[in-house]
Amino acid sequence: MNIRYCSTYYAPHIIIPTPSASTTTFGELKGFAGEMADAVFRQILGWVDSSTPVDMYSGFTTLQKAVENGDCQFGIQAMFKTSEREKCCTVFTDTFFEGGFAVLVRQEAPSGHWLANLVSRLVLDIIVTGILAIFLMANLIWVAERKSGLFSDGYLYGIPEALWFSCMTLMGGDVGCTWQIPRTLFGRFVSALWIFFGIVLIAMFTAELSSAFTEQKLSRSKIEHINDMSGLTMCTSGPFYQAYFADSIRGMGLGIKEYPVDVRDLLYASCTQLLRDKVVDGVLGNREELVDVFNRGEGNGLLVTPIFEKAFYSWLTPPNVSDATLNGYRRSVNVAMLEFREGITGTVPTYEQLVNKYYYGDPTVISKAGLRSDVIGTDWVLYGLAIGVVCLYILLMASTKLFVWWMYKSSVIPADAQSIPSFSRCRSTSERMLLSMVAHLEGSSKSASLRAAAAVASRSAEGGGTLVKNASQRASEIEEDNFSAF
């Protein structure tokens, strides 16, 4: 099959190892149009292999002339498909991507203090919902458990306890301390629903705060529409501006700083530097070429606006429409391009992968590859405080564990007290010791141990406290029951 292929280097559409080379092969073609050509001509149609040559031209104009003169049958590049070109002298293949013109701009500094995120509408809605739900839950659990002894029977005394129970359960997904376990069936059912509600509410609150802080850091551009460019200074290449925008946006008072762009150098590199130096307000150009700044790893602090004017990308074919063989080739290529876009043939890579890799996905949204370097400050005071609190907590927990271990080793607390539920974080040290010894008495038959425990309980009761007094009374009852059994 006597078909010649030609192209021109222009990132990110066509990328080859040696930009100045006069010829290359399909195996060396990279970039969106290059890898798509490999998928269409080699993987789908089977017309070429990796070693098939591709003639390289110095620019778009020379490439277009070569195709018009019949020097090659397919010009592989992302060429703008326009009605004027089609009427004049160029025949295009079907459109393979709809992109357009956009502006490369700096990310703007975030507005407002970060504390403003805490009073956003949705965050406030979640907080108010949580407060109302806490009071509702407190009343429900108090009604359910007031006769069980979990809370005080009087409303004025019981509701504060129920509110504490409701808050602790919502925040931690826990039912508070051991002595606050609901005892009625209705109370346990309501508590289970409340725990699930708390998980959902906390997740929503966390997600909204995270979204608010992220949106604050990923600041917006002050240019999102063509009208936003009025009175600003744009950097672009002279031929590009004259060809597409000289007539349409000149009346907007737009300042243009034309810069000669050599396509064999890094495209728009000079304009990008002027943008970073704040000499210009933006870089005007083709969106799919502007996002190549991200592919080069130079996109931190920059954004590419959504397209403000569409452009349709196609390949070139000769204008000799009377050639039946050429028309047949063109039709086969169009069908193969549609199959590639639809993912019918399972090519590697896929169409979606190429779009995301080289064109950064959807052209109708803001594209970004990094953050402003000045909005990612590190608050070492806050970090140090957090690390200090965590270390202090670990130190306290470790020392407590060591203290309890020493008490067990010294036989101050019976060994079987480890399994007693009352030995929980909700008790003071004296209460834990007392309750564990009372529980130990219930399984002991030695009167000496009973008398010792009763004595400890009696002495502890003198210090006051309802829990300690109840434990002391229980110890005395155990002792009386055991002695009466003799």
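Tutor: Keep in mind that this is a predicted model. Let us start with helix H2, residues 60-68, where Leu63, Gln64, Ala66, Val67 and Glu68 are buried.

Student: Which residues of helix H12 are buried?

Tutor: In H12, residues 351-358, they are Tyr351, Leu354, Val355 and Tyr358.

Student: How do you know that these residues are on the same side of H12?

Tutor: Their directions from the axis cover an arc of only 100°, so they lie on the same side of H12. Following H12 is Tyr360, and its phi is positive too, near 55°.

Student: Why is Thr272 called buried?

Tutor: Buried means under 20% relative accessible area. Thr272 has 3% relative accessibility, therefore it counts as buried. Thr272 is placed in helix H8, residues 269-276.

Student: Which residues is Thr272 in contact with, leaving aside its neighbours within four places in sequence?

Tutor: They are Leu104, Val283, Val293 and Leu302.

Student: Now the largest nonpolar core, please. Which of its residues touch the most other members?

Tutor: Phe41 and Trp315 do, in a core of 48 residues. Two or more residues come from each of these elements: helices H1 (32-44), H11 (324-342) and H12, and strands S3, S4, S6 (97-106) and S11. H1 gives the most, with eight residues.

Student: What is Phe41 in contact with, beyond its neighbours within four places in sequence?

Tutor: Phe41 is in contact with Tyr5, Phe26, Gly46, Trp47, Val48, Phe74, Ile76, Trp315 and Val333. Apart from this core lies another, of 17 residues, including Ile126, Met137, Ile141 and Val190.

Student: And the protein as a whole: how many helices and strands are there?

Tutor: There are 16 helices and 12 strands. The protein has 486 residues, and 42% of them count as buried.

Student: What share of the contacts between residues at least 6 apart in sequence joins residues at least 24 apart?

Tutor: That share is 70%.

Key:
Residues numbered from 1 in each chain as written. Predicted model: local features only at pLDDT ≥ 70, side-chain atom pairs only at ≥ 80, totals over all residues. Heavy atoms only, no water. Buried < 20%, exposed > 50% of the residue type's maximum accessible area, 1.4 Å probe, protein only. Helix = DSSP H or I, 4+ residues; strand = E, 2+ residues; numbered from the N terminus. Arc of directions from axis to C-beta. Contact = heavy atoms within 4.5 Å. Core = buried A, V, L, I, M, F, W, Y, C linked by side-chain atoms within 4.5 Å.
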